[in-house]
Amino acid sequence: MTHAIAAVAALLLVGCAEMRQNRSASEETLVTASATVESVDQATRQVTLRDDVEGSVFTVTAGPEVRNLAQVSAGDHVQIDYYRSLAVAMADPTDSGEPLAAAAGARAPEGAMPGGAAVASTSMVVTLINYNANTGIASFRTPDGLTRQTAVRPDLRTFAQSLSPGARVLVSVTEAVAVTVTPVPAT
């Protein structure tokens, strides 16, 4: 539910410019980060990484769900891909608005280098309560009756003003993350 509420805020802050004409919009973001393993402490499961772009060093603790940590060694390459999409559309009047959520995950098989992926998707219909053009604040209600407010970016305020109280908007958010570890090439 938290992701869905955050998605509604993002909808009003980021994704609605195209809705003025199409009555729907979407936004996708893919962030890729990579690092090189500096050290691995198998006893504590702490992995020290150096960011491949900025050069900063940080330590993470591999949880018990991480398989095959013993195969990771200094010099290995770690890549993390984070994907987020937000899609919004005027809701079908017959849609109940109840949140729908799904999640899935996978991890590396025994004997392979550590890695895994997870995806979560949430959809819900929110109802606009009002938009105050003087303050740029929009109020909306979630299907469970919670009232939320968000500041609307200046470039989206014309769209927000075009909505009438009671407008129902379908918001769908998908988030995914994938982590792969590539061994250091043999020389």
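1. The secondary structure of this predicted model comprises 3 helices and 9 strands, where helices (H or I, at least four residues) and strands (E, at least two) are DSSP runs numbered from the N terminus. Read from the N terminus, the order of elements is α-α-β-β-β-β-β-β-β-β-α-β. Residues are numbered from 1 along each chain as its sequence is written, and side-chain values use heavy atoms, with hydrogens and water left out. Because the model is predicted, local features need pLDDT of at least 70 and side-chain atom pairs count only at pLDDT 80 or more, while totals for chains, interfaces and linings use all residues.

2. Burial and contacts over the whole chain. The protein has 187 residues, of which 31% count as buried; buried means under 20% relative accessible area, exposed over 50%, and partly exposed in between, with a 1.4 Å probe and protein chains only. Contact means heavy atoms within 4.5 Å. Among contacts between residues at least 6 apart in sequence, 67% join residues at least 24 apart.

3. Pairing of strands 2 and 3. These two strands are antiparallel and share 5 bridges; strands pair if DSSP finds at least two bridges between them.

4. Pairings of strand 6. Strand 5 and strand 6 run antiparallel and are joined by 8 bridges, with Ala106 bridged to Ala117 in strand 6. Strand 6 also pairs with strand 9, again in the antiparallel sense, over 13 bridges; here Ala118 stands opposite Val177 in strand 9. A further antiparallel pairing, over 5 bridges, links strand 6 to strand 7 (residues 137-141), and Asn130 has Ser139 in strand 7 as its bridge partner. The hairpin of strand 6 and strand 7 has 4 residues between the strands, and Gly136 takes a positive phi near 75° there.

5. Arg141. This residue is found in strand 7 and counts as partly exposed because its relative accessibility is 37%. Leaving aside neighbours within four places in sequence, Arg141 is in contact with Val126, Thr127, Ile129, Leu146 and Thr147.

6. Thr29. Thr29 lies in strand 1 and is partly exposed, because its relative accessibility is 34%. Apart from residues up to four places away in sequence, Thr29 touches Tyr82, Tyr83 and Arg84. Thr29 and Glu175 are 146 residues apart along the chain, and their C-alpha atoms are separated by 9.6 Å.

7. The largest nonpolar core. A nonpolar core is a set of buried Ala, Val, Leu, Ile, Met, Phe, Trp, Tyr and Cys residues joined through side-chain atoms within 4.5 Å. The largest has 10 residues: Ala35, Val37, Val47, Leu49, Ala62, Leu69, Val72, Val78, Met113 and Val181. Strand 1 (24-41) and strand 2 each supply at least two residues of this core. Val47, with neighbours within four places in sequence left aside, is in contact with Val37, Ser39, Val40, Phe58, Thr59, Val60 and Leu69.

8. The largest pocket. It holds about 550 Å³ of space. A pocket is an open set of points on a 1 Å grid over the protein atoms alone, where a 1.4 Å probe fits, with protein on both sides within 12 Å along at least five of seven lines; lining residues have an atom within 4 Å of a point. Grid points are joined across faces, edges and corners, and the volume is the space filled by probe spheres set on the points. Of the 26 lining residues, Val66, Pro114, Gly115, Val179 and Val181 are the closest to the pocket centre. Strand 2 (46-51), strand 3 (57-61), strand 4 (77-90), strand 5 (100-107), strand 6 (115-132) and strand 9 (168-182) each give two or more residues to the lining. The lining divides into 20 nonpolar, 3 polar and 3 charged residues, with Ala, Val, Leu, Ile, Met, Phe, Trp, Tyr, Cys and Pro taken as nonpolar, Asp, Glu, Lys and Arg as charged, and the others, Gly among them, as polar.

9. Most residues other than glycine have a negative phi. Arg45, in the loop between strand 1 and strand 2, has a positive phi of about 65° and is partly exposed at 23% relative accessible area. Asn68, in the loop between strand 3 and strand 4, also has a positive phi of about 65°, but counts as buried because its relative accessibility is 14%.
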